[in-house]
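Please look at the sequence and the structure shown here, and then read the sections in order.

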Amino acid sequence: MTRQTHQACTSFLAGKLATLDGSTLIARNEDNSVAIWPKRTLVHPENEVRDLHFVSKNNGFTTTLPATSAQYTAVPDSDSREGDYGESGINGHQVAMSATESAYTNSRVLGVDPLIADGIAEDAMLTVVLPYVDSARAGIQRLGHLVSTLGAAETNGVLFSDLNDVWYMEILSGHHWVAQRIPDDAYAVVANQLAIEDVDFDSPDFLTSPNLRQFVQSHRLNPDGGRFNSRHIFGTHSDQDTHYNTPRVWFGHHLLTPSAFEEPTSMDLPFIQHAERKIGLDDVAAILGSHYAETPYDPLGTGSPADKTKFRAVGLARTENSHLLQLRRDVTPQRAGIIWQAFGNPAFNPYVPFFAAGDQLAPAYAATNPTYSATNPYWQAKLLEVLSEAHYHQNRALLADFLKTSQSQGFQRVAAGDQLAAPSAHDLGTFNAATAEAFATALQAQIGRLVQANAEQSALSFTMDENL
């Protein structure tokens, strides 16, 4: 399989007072440039045996790793020859990380601080950061130190959370970065743009690379004069932004803050937004699986050909890994982290809940899967996605009922796990495996229903004489 780049993701973050149950929440679609790029899930044990001299298979980035490490989960590429691409996980200190949201820096900034070819990139970030941090702030500080001292190969956004805080970090250039804590009562949607706006250098809710303000001043990079708007200084303002990026942010705001009356091509959509109701996991799932339903821009809708292809949707056939990383504050620490994991497009695939403290997610999820297998979760999800998109309008009720039932099933499994008496990591791992089996059965049943429904819609059909 030819190596493809990971790109074009969509991210969501919400503070603990913005969510229904007081959880902190980060979520993201990991998209690719091709429709099929197999993923799997792993649980790395505490103090895992590893080479402390880390070298990226992707670009040769090198660093020395700490001697001790926490347990952590990851969702790597099944084919790791070009790098781990661990992407998303929760560690044993109840710290969640999702990396990355690809973005772009403007040419004037890259002219004075270009990206570094062998600097840190997406493939390595989770592997060299998540096992070694005990808070979201510490995650930013570790990754920031690597960027400032060793350089960055890409412009990226990175999501961090712990039981109390949610942070969004942006790598701005070869050696500079900024991070903002999401207010407890707010949320953010990010779509392949540098998004952070005005930076308050005196506030504990912001972290930056050393001498960021001086760097901007000395190179005369600030178009606004008296304010320090990171998006204006480092970001882009292009046709790609207005048709590929900002519409996804607009639709997320449209679902949660409809009274904002924003325009899908606006270049001034706020980074920090406030919902008009408490945010549930089902709301986030709806955003990450969205394709502008009930608007003229829905590629599966009834708008004009020009409108249906005007904007890039959120949920795509090229979505490989979609995850909601939930950290709950009203349970014991071993039950706090829930990984809601979906493969494929979440417009059609359910999120399966796993306790992050378990010693496994499930054997089938960890299996290598380079080619199609009817029993592998990644390939099951891709098959379900293809069958669901075919004859979408005729099967809309069937698709909606499945996702609703699956969400209920997920909440029921989490509630059942919460009833386990003082579970060990092995107990939670066994429970995770049972959850995976239950959802595999449900997915297979939905695949069967869609095969039957789609067969009835075949163009190679004819009204038959009932006597024949």
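The model discussed here is a predicted one, and the domain assignment of its protein chain gives domain 1, covering residues 10-347, and domain 2, covering residues 369-458. Taken over C-alpha atoms, the centres of domain 1 and domain 2 are separated by 26 Å.

Between domain 1 and domain 2 an area of about 2,000 Å² is buried, and carbon and sulfur atoms give 56% of this area. On the side of domain 1, the residues that lose the most area to domain 2 are Leu300, Arg335 and Phe343, which together make up 28% of what that side buries. Counted by residues in contact, 27 residues of domain 1 meet 25 residues of domain 2.

## Polar and charged contacts across the interface

Between domain 1 and domain 2 there are 15 residue pairs in polar contact, with both residues at pLDDT 80 or more. The elements that give two or more residues to the side of domain 1 touching domain 2 are α7 (281-288), β14 (319-327), α9 (333-336) and β15 (337-343). Sorted by class, that side of domain 1 has 14 nonpolar, seven polar and six charged residues.

Three salt bridges are found across the interface of domain 1 and domain 2. In the model there is also a salt bridge in which the side chains of arginine 328 and aspartate 418 meet, at 2.8 Å from N to O.

Over the whole structure, the search finds 15 salt bridges. In one of the salt bridges, lysine 16 pairs with aspartate 184, and their closest N and O atoms are 3.2 Å apart. This pair links distant parts of the chain, since lysine 16 is in the loop between β1 and β2 (24-31) while aspartate 184 is in the loop between β11 (177-181) and β12, 168 residues apart.

A search of the whole structure also finds 18 aromatic pairs. The rings of phenylalanine 12 and tyrosine 187 have centres 5.7 Å apart and planes at 20°, and the pair is therefore stacked. Because phenylalanine 12 lies in strand β1 (residues 10-14) and tyrosine 187 in strand β12 (residues 187-190), the pair ties together parts that are 175 residues apart in sequence.

## Two points in the backbone

Where in the chain is there a cis peptide bond? A cis peptide bond joins alanine 99 and threonine 100, with omega at about 15°, and threonine 100 has its place in strand β8 (residues 96-102).

Tyrosine 292 is not a glycine, although it has a positive phi of about 65°. This tyrosine 292 is found in the loop between α7 and α8 (305-308).

Terms used:
Residues numbered from 1 in each chain as written. Predicted model: local features only at pLDDT ≥ 70, side-chain atom pairs only at ≥ 80, totals over all residues. Heavy atoms only, no water. Domains from an automatic or database assignment. Contact = heavy atoms within 4.5 Å. Buried area = accessible area lost by both parts, 1.4 Å probe. Salt bridge = Lys/Arg side-chain N within 4 Å of Asp/Glu carboxyl O. Polar contact = N/O pair within 3.5 Å; in protein donor to acceptor, adjacent residues only side chain to side chain. Helix = DSSP H or I, 4+ residues; strand = E, 2+ residues; numbered from the N terminus. Nonpolar A, V, L, I, M, F, W, Y, C, P; charged D, E, K, R; others polar. Phe/Tyr/Trp six-rings, centres within 6.5 Å; stacked < 30°, edge-to-face > 60°.
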